[in-house]
Amino acid sequence: MRLDDSRESDNVEDRRASGPRIGGRGTIGIGTIVLALVAMYFGVDPSVILQMAEGPPATQQQAPATRPPVDDPQARFVAKVLGETEDTWSAIFQKDLNRQYVAPKLVLFRGATPTACGTGQSAMGPFYCPGDSKVYIDLTFFDELQNRFKAPGDFAQAYVIAHEVGHHVQHLLGISDQVDQLRRRNPAQANALSVRVELQADCFAGLWAQRANAARNILEGGDVEEALAAATAIGDDRLQKQSQGYVVPDAFTHGSSAQRVRWFKRGLESGNIKQCDTFSATSL
């Protein structure tokens with residue numbers, strides 16, 4: 001990626017110096033951690049498991065947050081990618097939607113950290129919490145992306161961030177609330193709805209890449225292939241095959257590898273937010 005001229009976002013909170021801290025909405029047990037790990041492996045939003053385990057919100061114990069150090073290249077990379085999402089989505093909201101974009105915060109942490117969605121664990125991978133409008137990332141996940149999922153590259157990492165920011169866009173547009181209402185009315189459709197939510201976030205990530213590149217020429221040769229490799233590696237069918245040796249489509253929560261690639265490419269090729277309407281699509 002060409003990010004030399006990209007600005008670093010001011011919305012990065014660095015909690016890594018505080019180390020693992022469990023607090024806020026109560027404690028979390030070993031059983032919950034195991035459930036959350038299993039959920040993460042199959043692509044389930046970890047906040048769902050945490051909310052069920054921890055009950056109603058309480059006053060949170062916030063870990064100290066600071067700006068990332070200037071001599072941390074990985075943190076600076078994250079800040080630049082976040083800045084690119086801010087500039088791009090601000091333009092999309094203004095031009096395409098006639099609305100103002102409100103940027104999320106991105107929290108860097110190690111081990112565990114309190115969130116409005118419960119206690120975040122690094123083993124769950126990156127996630128977005130609509131309760132506080134923050135994206136949470138333990139940067140060791142990028143090592144996991146390269147070594148476990150065999151999806152190396154800076155744009156593969158940028159895709160992960162852009163996907164989580166895509167969930168923030170869904171929150172701002174009211175899509176997340178509408179989906180939650182549908183889930184409550186028809187719990188049997190929860191997995192199918194989750195797939196459409198996640199594929200739309202993939203499409204939004206592709207849309208971001210297209211519009212950011214058109215505005216500031218950030219993509220280099222091989223970048224798109226890195227993102228497609230990451231999308232393929234974390235498809236539900238691929239993860240299920242690795243973990244249990246067979247695939248159960250009804251248990252999908254993020255979509256198959258092919259679906260994730262298809263919707264990322266749809267956003268990338270169209271550059272049009274209207275093309276990311278997974279909920280109206282008859283075929284995913």
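A salt bridge is a side-chain nitrogen of Lys or Arg within 4 Å of a carboxyl oxygen of Asp or Glu. The exercises below use this and a few other terms on a predicted model, in which local features need pLDDT of at least 70, side-chain atom pairs count only at pLDDT 80 or more, and totals for chains, interfaces and linings use all residues. Residues are numbered from 1 along each chain as its sequence is written, and side-chain values use heavy atoms, with hydrogens and water left out.

**Exercise 1. The chain as a whole**

Task: Find how many helices and strands the chain has, and what share of its residues is buried.

Solution. 
Step 1. Helices (H or I, at least four residues) and strands (E, at least two) are DSSP runs, numbered from the N terminus. The chain has ten helices and six strands.
Step 2. Buried means under 20% relative accessible area, exposed means over 50%, and partly exposed lies in between (1.4 Å probe, protein chains only). Of the 284 residues in the chain, 52% are buried.
Step 3. Accessible areas come from the Shrake-Rupley method with a 1.4 Å probe, and for residues only the protein chains shown count as cover. The chain exposes about 12,600 Å², and carbon and sulfur atoms supply 50% of this area.
Step 4. Contact means heavy atoms within 4.5 Å. Among contacts in the chain with a separation of 6 or more, 76% are between residues 24 or more positions apart.

**Exercise 2. Helix H8**

Task: List the buried residues of helix H8 and state which helices they pack against.

Solution. 
Step 1. Helix H8 covers residues 223–233, and its buried residues are Asp223, Ala227, Leu228, Ala230, Ala231 and Ala233.
Step 2. These buried residues pack against helix H5 (154–172), helix H9 (236–244) and helix H10 (257–270).

**Exercise 3. The disulfides**

Solution. 
Step 1. A disulfide is a covalent bond between the sulfur atoms of two cysteines. The rule applied here is a pair of cysteine sulfur atoms within 2.5 Å, and the count comes to two disulfides.
Step 2. Cysteine 117 is in the loop between strand S3 (112–115) and strand S4 (118–121), while cysteine 129 is in strand S5 (residues 127–129), twelve residues apart. Cysteine 117 and cysteine 129 are buried.
Step 3. Cysteine 203 lies in helix H7 (residues 190–216) and cysteine 276 in the segment after H10, so the pair ties together parts that are 73 residues apart in sequence.
Step 4. With the bonded cysteines numbered in sequence order, the pairing is 1-2, 3-4.

**Exercise 4. Salt bridges**

Task: State how many salt bridges the structure has, then describe the pairs of glutamate 86 with arginine 7 and of arginine 216 with glutamate 84.

Solution. 
Step 1. A search of the whole structure finds twelve salt bridges.
Step 2. Glutamate 86 and arginine 7 meet through their side chains at 2.7 Å, N to O. Glutamate 86 lies in helix H3 (residues 73–96) and arginine 7 in the segment before strand S1 (12–14), so the pair ties together parts that are 79 residues apart in sequence. Glutamate 86 is buried, with a relative accessible area of 5%, whereas arginine 7 is partly exposed at 36%.
Step 3. In the pair of arginine 216 and glutamate 84, the closest N and O atoms are 2.7 Å apart. Arginine 216 lies in helix H7 and glutamate 84 in helix H3, so the pair ties together parts that are 132 residues apart in sequence. Arginine 216 is partly exposed, with a relative accessible area of 34%, and glutamate 84 is buried at 1%.

**Exercise 5. Aspartate 236**

Task: Locate aspartate 236 and find what its side chain reaches.

Solution. 
Step 1. Aspartate 236 lies in helix H9.
Step 2. Lys and Arg count as positive and Asp and Glu as negative, while His and the chain ends are not counted. Aspartate 236 is buried yet has no salt bridge, and the nearest side chain of opposite charge, arginine 260, is 6.1 Å away.
Step 3. The side chain of aspartate 236 reaches the backbone nitrogen of histidine 254 at 2.6 Å.

Notes: Polar contact = N/O pair within 3.5 Å; in protein donor to acceptor, adjacent residues only side chain to side chain.
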